[in-house]
2 protein chains.
Amino acid sequence: MKSTIFFKNRPAIIGTSTICGPKESQGNLGEYVETRLDDDTFGEETYEKTECKMLSHVIENSILNSNLSVEDIDCLISGDLLNQIISSSFSARKFDVPYLGIYNACSTMSEAFALSATLVDGGYMQNVISATGSHFSTAERQYRYPLELGSVRPPQSQWTVTGAGSAVISAKKGFYPRITCATIGKVTDFGITDANNMGAAMAPAAFRSLINHFEDTKREPNYYDLIVTGDLGALGSRILKHLTKERGVNIDKNHVDCGELIYNIDEKEFQGGSGAGCSAVVMNSYIYQKLIKKDLNKVLFIATGALLSTLSTQQGESIPAIAHAVAIENGV
Amino acid sequence: MKSTIFFKNRPAIIGTSTICGPKESQGNLGEYVETRLDDDTFGEETYEKTECKMLSHVIENSILNSNLSVEDIDCLISGDLLNQIISSSFSARKFDVPYLGIYNACSTMSEAFALSATLVDGGYMQNVISATGSHFSTAERQYRYPLELGSVRPPQSQWTVTGAGSAVISAKKGFYPRITCATIGKVTDFGITDANNMGAAMAPAAFRSLINHFEDTKREPNYYDLIVTGDLGALGSRILKHLTKERGVNIDKNHVDCGELIYNIDEKEFQGGSGAGCSAVVMNSYIYQKLIKKDLNKVLFIATGALLSTLSTQQGESIPAIAHAVAIENGV
């Protein structure tokens, strides 16, 4: 059994859109993000409504940036971190478009890419949207403590990104970065129980998908200009590099992590960014623009997700994780 | 823009498995369910662990019932009602199989069928599992009140099914019920705010998908031996019949609802069954067996989902809903 599916028609990413909060705007990649908020409420009464509005905003803009209208969109594939993925479902309510809700935590962006590419590559649809996002304040409230409590964050923790990203995957011809294959992740659990240490929980899942990807495709790490993990953060990235090196696979030269890139790490972000919005923002802004300019031509994008809930943690469970790898290439 | 995708290779449903709780065992369809529990804990310490165990149980049995082993399975597509779909993700942890988590509430079974059929039909995979489930006691605790509170249920309410269902969608040749097309639902919100009245919230979504399906396929209701909605319940089914009749479409003769079928309605089930497990159990036991015996040959299966969360209700939101329609046919 292989884990990788190949797309013979190489669906194109014809347009993207991103949005981020004030902290992310001041980060390393802020200048690449389309909409930079200077108010993390986006004018809404609750942070959940903000998260939903951010997602709707990038979905709409990714359609415009692709020179399409809503009528051209065959399906919206989206998920998010909130219980019952309400940001996605309430965003989908605003568009008269078929909707498939997905959930694989912070690996949602690459899951959406894989499914969108399948629907387009197989000739079932012409244009499919992949979208996700997250908000620091909704994630803190739901997964950890109310902000008002002022809890101290441990040094192994990461900072959930306030932001969203959307991309249109299309059958359109012409020069675009294209999705050539996708390695679907397997749930991997190395027994980590510290819900503040997502990087350690997710690194083994990224490792496994990476190895599966190289085995299935007969490619080596240096095939790619960049191997971009989702939100392992600094610690998780070190664990991944350690695991791969142990296996005789060296990704030192071309691996970056969206969580490590997004912040300047000068406040309390510790290991870096996390959240479904982290890789969604970095991939659909900085990485996509580098692909369009041909500064990068072959990228392996592996968003990683920790599949816990507050209840699974309360019931003493360890943290299963997953990572889907999607190859995005120019000139194919 | 059409909402319907057609599967030229007509993926087969080669095997299924179902499980249900004691109350469901005594219902109208109990005799068709493979595993009937006489203990709604299934020997577990928490109901969440029970729900997860039920799901793993049917996934495993559906593989056996298809005369396959785990190594033959290319992907598991699953979702459930728990926050962060932990039943699905923790079930997936037990199988060394690529996993795609999905969430569209109680329409998960038809979403999974649609995606599984796409992956198989396009030649990307050979055997894909579609699975989901729910548990009365986890749903009550999460969405409504702790059981210990003994809250009185209003007459418009439904009873979340304790049960799970799994099916293997395959490229295999031979006589099997086959998935011929799928109409992907659009999020529909008629402004219902009563979280106890899911039938009313979901009926307009079922109506919309039904109309889209008939328009896209040029079929009429009498094309099908049975049009099976997921869990509208008695009230929701009446609303659906009313809406379709207003539109000049008559489904009186061949419409049934899994929520109406599953219980005898002699206790406090009021409008009938609900939950992702409701349509998963009925479809993969009773309906599937009728298809195998050719008592039924053309079935349109429309699982319906209410996309609310407790938080969206607390923030004053109405209830968006969705319904995906999947055509399952013999002799194609």
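Begin by selecting helix α6 (residues 198–217) and helix α7 (residues 233–246) of chain A in this predicted model. These two helices pack with their axes 8 Å apart, at an angle of about 40°. That angle makes α6(A) oblique to α7(A), since angles under 35 degrees would count as roughly parallel. Looking along the pair, one finds that α6(A) passes α7(A) in a right-handed crossing.

Now display the side chains where the two helices meet. On the side of α6(A), the contact is made by A:Gly199, A:Ala200, A:Ala203, A:Pro204, A:Ala206, A:Phe207 and A:Leu210. On the side of α7(A), the residues are A:Gly236, A:Ile239, A:Leu240, A:Leu243 and A:Thr244. Which classes of residue make up the contact of α6(A) with α7(A)? There are 9 nonpolar and 3 polar residues, and no charged ones.

**Second stop: α2 and α5 of chain A**

Next, select helix α2 (residues 47–65) and helix α5 (residues 136–143), still in chain A. Their axes are 8 Å apart, and the angle between the packed helices is about 130°. The helices α2(A) and α5(A) are therefore oblique to each other, and their crossing is left-handed.

To see the contact itself, show A:Tyr47, A:Glu48 and A:Glu51 in α2(A). They meet A:Ser137, A:Thr138 and A:Arg141 in α5(A). By class, this contact has 1 nonpolar, 2 polar and 3 charged residues.

Move to chain B and select helix α2 (residues 47–65) together with helix α5 (residues 136–143). Here the axes come within 8 Å and cross at roughly 130°, which makes α2(B) oblique to α5(B). The crossing of α2(B) and α5(B) is left-handed.

Remain in chain B and select B:Thr193. Where is B:Thr193 placed? It lies in the loop between β9 (178–183) and α6 (198–217) of chain B. Leaving aside residues up to four places away in sequence, B:Thr193 touches B:Glu317, B:Ser318 and B:Ile319.

**Final stop: both chains together**

Finally, show chains A and B at once. Chain B can be laid on chain A by a turn of 180° and a shift of 0.0 Å along the axis, with an RMSD of 0.0 Å. The two copies are thus related as by a two-fold rotation axis. To locate this axis in chain B, select B:Ile102, whose C-alpha is the nearest to the axis in that chain, at 1.9 Å. The interface may be viewed next: 100% of the interface residues of chain B are also interface residues in chain A, so the copies meet through the same surface.

Chain A averages a pLDDT of 96, and 100% of the residues score at least 70. For the complex, the predictor gives an ipTM of 0.97 and a pTM of 0.98.

Notes:
Residues are numbered from 1 along each chain as its sequence is written. Chains are lettered from A and ligands numbered from 1 in the order in which they are written. This is a predicted model: local features need pLDDT of at least 70, side-chain atom pairs count only at pLDDT 80 or more; totals for chains, interfaces and linings use all residues. Side-chain values use heavy atoms; hydrogens and water are left out. Copies are superposed by least squares on the C-alpha atoms of residues with pLDDT of at least 70 in both. Contact means heavy atoms within 4.5 Å. pLDDT is the predictor's confidence in each residue, from 0 to 100. Axes are lines fitted to C-alpha atoms, for helices over the stretch in contact, and angles run from 0 to 180 degrees between N-to-C directions. Helices (H or I, at least four residues) and strands (E, at least two) are DSSP runs, numbered from the N terminus. Angles under 35 degrees count as roughly parallel, over 145 as roughly antiparallel, 65 to 115 as roughly perpendicular and the rest as oblique. A crossing is left-handed if the near helix is turned anticlockwise from the far one by less than a right angle, and right-handed if clockwise. Ala, Val, Leu, Ile, Met, Phe, Trp, Tyr, Cys and Pro count as nonpolar, Asp, Glu, Lys and Arg as charged, and the others, Gly among them, as polar.
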